[in-house]
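Colleague: Could you take me through one part of this model slowly, with the cut-offs spelled out as you go? I would like a close look at a single helix and then its surroundings.

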Amino acid sequence: MARQVPLTEVAVGQTVSVVEILGGHGIHHRLSALGIRPGAMLTKVSGSFGGFGPTVVRCGETQTALGAGVCRRVVVEAP
Amino acid sequence: MKRILLMGNPNVGKSVVFSRLTGVRVISSNYPGTTVELMQGHMILGDEDILLIDVPGAYSLDATCKAEEIAITLLRDADAVINVLDATNLERSLNLTLGLLEKDVPIVAALNIWDDARHKGIHIDVAELEQQLAVPVVPTTAVTGEGIKELVSRLPEAASPETPHRSHEERWAEVGRIVEKVQSFEHRHHTLLEVIGDASVTPATGLPIAAVVLLVTFVLIRWFGEGLIGYVFEPLFDTLWMPVLTQISGRLDPEGFAHTLLIGQLIDVDGERVIDFVQSFGLLSTGLFVVLGMVFPYVLAFYLVLGVLEDFGYLPRLAVLLDTLMHRLGLHGWAVIPMLLGIGCNVPGILATRVLDSPRERLIAATLISIAVPCAALQAMMWGVLGPFGVRYVGLVYLTLFVVWIVIGRLLNGMLKGGSPELILEIPPYRLPSWRAVAQKLLLRIRQFFREALPFVLLGVLVVDVLNYVHAFDSVANLAAPVVTRLFGLPKEAVLAIVLGFLRKDVAVGMLGALDLTPKQLVISVTVLAMSFPCIATFVVLAKELGVKGLLKSVSIMVATSLVVGAILNVIL
């Protein structure tokens with residue numbers, strides 16, 4: 001079985017699939033509106049800068065910037 | 001009258017469709033959340049007058065944010081909905097469409113950004129999509145006008161097919177099923193724009209790119225603004241307007257009321273008494289010159305460059321890069337956009353704070369804008385009045401404001417309850433701006449500028465002239481003299497300029513320019529003027545956005561800060 005890690009630990013350029021989103025209804029909802037929901041494939045476009053700053057992911061045709069706190073709650077695995 | 005709503009995800013071009021359908025010009029840009037107010041316009045269909053409402057973008061109808069709540073309320077008495085979809089982002093667009101279909105309202109779908117989808121190798125079978133949704137689907141490229149006629153002609157076919165109520169998971173599953181059926185991709189390589197797009201959000205390449213973009217922006221605005229002043233407006237005023245004014249001046253008693261009002265004071269230059277556009281301070285001399293000859297060129301230059309950056313899609317990327325910095329101020333990266341808009345004019349900047357999530361953030365952002373983000377009008381005058389003494393003095397004002405911006409932001413972040421929320425921000429693709437759209441937006445903003453600037457600048461000049469004429473100048477100045485002279489080291493006349501700042505900041509700096517101040521005094525007075533109290537237009541908008549309590553908080557912070565900073569500058573300079 002593939003290892004499940006938070007999105008923060010994924011290398012830039014890697015494509016992964018979303019396993020689950022930790023947290024309440026609010027965050028679930030906002031992310032799913034942008035296509036980030038369990039089963040979706042994400043490609044990490046850029047990582048955070050020395051632990052700070054947002055991560056940018058591509059999901060389908062949408063690029064989204066996610067703050068570090070949000071990123072830690074997105075659990076992904078390599079397909 | 002029939003009410004039709006324009007609805008769709010953020011940044012799918014609803015406002016452009018709105019402009020096309022109603023002829024009402026509204027500001028549209030390439031980033032989500034440009035429209036924060038409801039826009040209404042009329043369109044004629046057959047012989048029916050229809051009210052079209054441009055609803056701020058929503059991702060769903062679940063009322064997770066203010067925009068979505070508004071959308072749901074409006075839906076209750078809508079006669080039809082034009083659902084604008086992003087053809088390059090079909091999956092997400094369809095989620096909202098399916099939500100809309102569950103409501104009992106007839107729908108027509110506009111499959112917008114069709115040209116981009118074509119370029120990106122995305123194929124959508126429109127006939128099949130129409131069958132799947134059971135509502136009319138029209139491909140459109142609103143920016144060029146493609147498909148808009150067909151959209152209008154198919155409005156009467158708007159349908160409200162029977163749709164089961166679905167849970168979130170079921171809805172996404174249905175979206176997946178439809179997309180699978182109607183959409184196919186052509187294999188293609190990354191376009192140059194996409195490569196640049198990725199490079200400008202990756203910190204290692206993005207930060208240098210941001211530095212270059214900001215530097216080029218600044219240089220362009222200066223070059224263009226100064227060019228317009230030096231080669232167009234000053235020569236026009238000197239050769240065409242001066243003779244007219246001299247004529248008028250010659251026919252009036254130089255000490256009379258009419259002369260004071262229209263022309264102002266005559267200034268001694270080499271023993272001759274002449275009209276000076278900056279110092280005379282009459283309605284027709286300084287009043288017009290401040291608006292047209294000093295401020296307008298910079299406003300034009302600023303909005304031209306901003307418009308191109310906006311439509312290209314650069315601003316959200318800047319927001320991403322500056323996210324970490326903005327967190328220190330209790331905001332997140334998104335707040336960069338209201339700040340940048342505030343550099344043009346504080347009013348649209350403060351309005352744009354509506355895209356921020358919490359009242360706490362809005363209070364911080366709005367306060368920071370009105371305290372430490374100088375508007376284009378103020379900056380233009382600052383360059384005009386302080387620039388001749390040397391760029392370092394102008395730099396000193398900018399530096400002070402920047403330090404204040406950081407310090408006040410950090411203080412507010414520490415003092416106000418709550419934390420800064422996390423960034424979740426969609427980044428639109430880079431798009432080559434349509435020059436027509438850029439020109440239209442520029443025109444719109446210039447019109448707004450004249451509507452706001454001209455009356456208030458003239459009113460400001462009028463107030464000064466009347467006070468001058470009845471010799472009330474001194475008594476007003478004496479009132480606040482202790483603060484101004486002891487604390488700031490300014491002559492007491494500067495008080496009036498600072499008070500005048502409530503009307504318009506540009507005319508107030510103009511007045512400072514007429515006072516014969518030293519560069520140090522100018523630096524202090526311009527800085528205090530920039531921070532102390534918002535101009536009346538900003539004041540009204542602050543009250544509207546923050547409520548009376550928020551306004552009081554915000555304004556007391558401004559006054560307190562300007563007193564402290566003015567005094568500090570007086571001591572250290």
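Modeller: Happy to; what follows starts with helix H7 of chain B and then widens to the chain around it.

First, the ground rules. This is a predicted model, in which local features need pLDDT of at least 70, side-chain atom pairs count only at pLDDT 80 or more, and totals for chains, interfaces and linings use all residues. Residues are numbered from 1 along each chain as its sequence is written, while chains are lettered from A and ligands numbered from 1 in the order in which they are written.

Helix H7 of chain B covers residues 168–182. Helices (H or I, at least four residues) and strands (E, at least two) are DSSP runs, numbered from the N terminus. The expected span of a helix is 1.5 Å times one less than its number of residues. For the 15 residues of H7(B) that gives 21 Å, and the end C-alpha atoms are 21 Å apart, which agrees.

Now for its two faces. A residue is called buried if 20 or more other C-beta atoms lie within 10 Å of its own, exposed if 12 or fewer, and partly exposed in between, with C-beta atoms placed from the backbone. By that count, the buried residues of H7(B) are B:Arg171, B:Trp172, B:Val175 and B:Val182. They sit on the same side of the helix, because they cover an arc of only 100 degrees around the axis; the arc is that of the directions from the helix axis to the C-beta atoms. The face turned away from this buried side carries the exposed residues B:Glu169, B:Glu170, B:Ala173, B:Arg177 and B:Glu180.

What do the buried residues pack against? Their partners in chain B are helix H3 (90–102), strand S6 (122–124), helix H5 (126–133) and strand S8 (183–185). Contact here is between two residues whose C-beta atoms, placed from the backbone, lie within 7 Å.

B:Ala134 lies in the loop between H5 and strand S7 (137–139) of chain B, and its phi is near 60 degrees, a positive value in a residue other than glycine. Most residues other than glycine have a negative phi. B:Ala134 counts as partly exposed because it has 13 C-beta neighbours inside 10 Å.

Stepping back, the domain assignment of chain B, which comes from an automatic or database source, gives domain 1 (2–185) and domain 2 (203–419 + 433–572). The contact between them takes 8 residues from domain 1 of chain B and 16 residues from domain 2 of chain B. The domain 1 side has 4 nonpolar, 3 polar and 1 charged residues. In that classing, Ala, Val, Leu, Ile, Met, Phe, Trp, Tyr, Cys and Pro count as nonpolar, Asp, Glu, Lys and Arg as charged, and the others, Gly among them, as polar. The centres of the two domains, taken over C-alpha atoms, are separated by 40 Å.

B:Glu180, on the exposed face of H7(B), also gives a sense of distance. Its C-alpha atom and that of B:Thr485, 305 residues apart along the chain, are separated by 74 Å. B:Thr485 is placed in helix H20 (residues 473–488) of chain B.

For the chain as a whole, the C-alpha atoms of chain B fill a box of roughly 85 × 55 × 45 Å along the principal axes. Buried residues make up 47% of its 573 residues.
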